Amino acid sequence: MNREAPNAGAVYAASLTPLDEALNINHERLSQHVRWLLANGCDGVALMGTTGEANSFSVGERKAAVEAVLDAGIAPDRLIVGTGCCAIPETVELTNHALKCGVHDVLMLPPFYYKEVSDEGIFAAFDQVMQHVGSRLCRIYLYHFPHMSAVPFSDDLVGRLLEAFPVAGMKDSSGDYAHMVRMVRMFPKLKVFTGTERYLLDVLKAGGAGCITATVNVTCRKASRLANAWHGAHATAIQEELTQVRTAIEQFPMIAALKSIMGQQSGDEYWYNMRPPNVPLSAVQAAALHTALRTCTI
């Protein structure tokens, strides 16, 4: 881990996925990006999540991406792999694959196609997954993202899942700070990560674990600095800078905006590639984004 101070928080980047001209995953570029994130302050990297366009890739593509990163020398204990799918067999396959590769931390969305399902139904889905996962050594991180999945984890369900299965934490991408604090207070054993840096300082003060966020792809150094010194005199000022960057980026489609920033910073045009239905920013959007960022410190 990359923690420099006692009680430091953990910063994970929800990694972008570089694509080649044919819109296939560029394994070499992905491995380079993960290595860069770890070298620039991240405690770990979450692969194949929302920011990584995971649901635009097949199970085979997702497995190959994880293998490529590990083959490039990235330590498995620095990774969290997104494995939650609509179909239980796919979640099982991806989870078992991560475990086989030595990655024990997995980020699971609930099955998200059918809406207004019961807590009992979601619990049953996790039960089915765990019946077919070949090892209880996995550590599940619940992915609470109701805006995107439209299938939230209720408080009661979190408690049941925590009691029944190897649930280690939660990525809370609800944007609801009150919910994050409630999770911290209700479930002391649950590692609660905010899905946005705008709440990083507050979540750490409340007893949360840190952040797993998209914008850490470009704010990794600053987020790490805050996580390592959140109890210090400059924490509020660092948080304000992080919030300013996040606010600027949130005005645009998140993944496209981040890829635009990476493309401009690196000079590599492959960063602009996205698999439909996601598309790059228009020229007008890109200009507006980079204008908004001129007043920010990344």
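Predicted model: local features only at pLDDT ≥ 70, side-chain atom pairs only at ≥ 80, totals over all residues.
A residue is taken as buried when its relative accessible area is under 20%.

The secondary structure of the chain comprises 12 helices and 8 strands. The radius of gyration is 18 Å, close to the 19 Å that the globule rule gives for 298 residues, and the chain is therefore as compact as a globular protein of that length. Along the principal axes, the C-alpha atoms occupy a box of roughly 50 × 50 × 40 Å. Among the contacts with a separation of 6 or more, 69% are accounted for by residues 24 or more positions apart.

Strand E3, which spans residues 79-82, illustrates the burial of individual positions. Leu79 and Val81 point one way from this strand, whereas Ile80 and Gly82 point the other way; all of these residues are buried. Strand E3 pairs with strand E2, formed by residues 44-47, in the parallel sense, and 3 bridges connect the two. Within this arrangement, leucine 47 stands opposite valine 81 of E3, the latter being one of the buried residues of that strand.

Notes: Residues numbered from 1 in each chain as written. Heavy atoms only, no water. Helix = DSSP H or I, 4+ residues; strand = E, 2+ residues; numbered from the N terminus. Rg over C-alpha atoms; globule rule 2.2 N^0.38 Å. Contact = heavy atoms within 4.5 Å. Buried < 20%, exposed > 50% of the residue type's maximum accessible area, 1.4 Å probe, protein only. Pairing = 2+ DSSP bridges.
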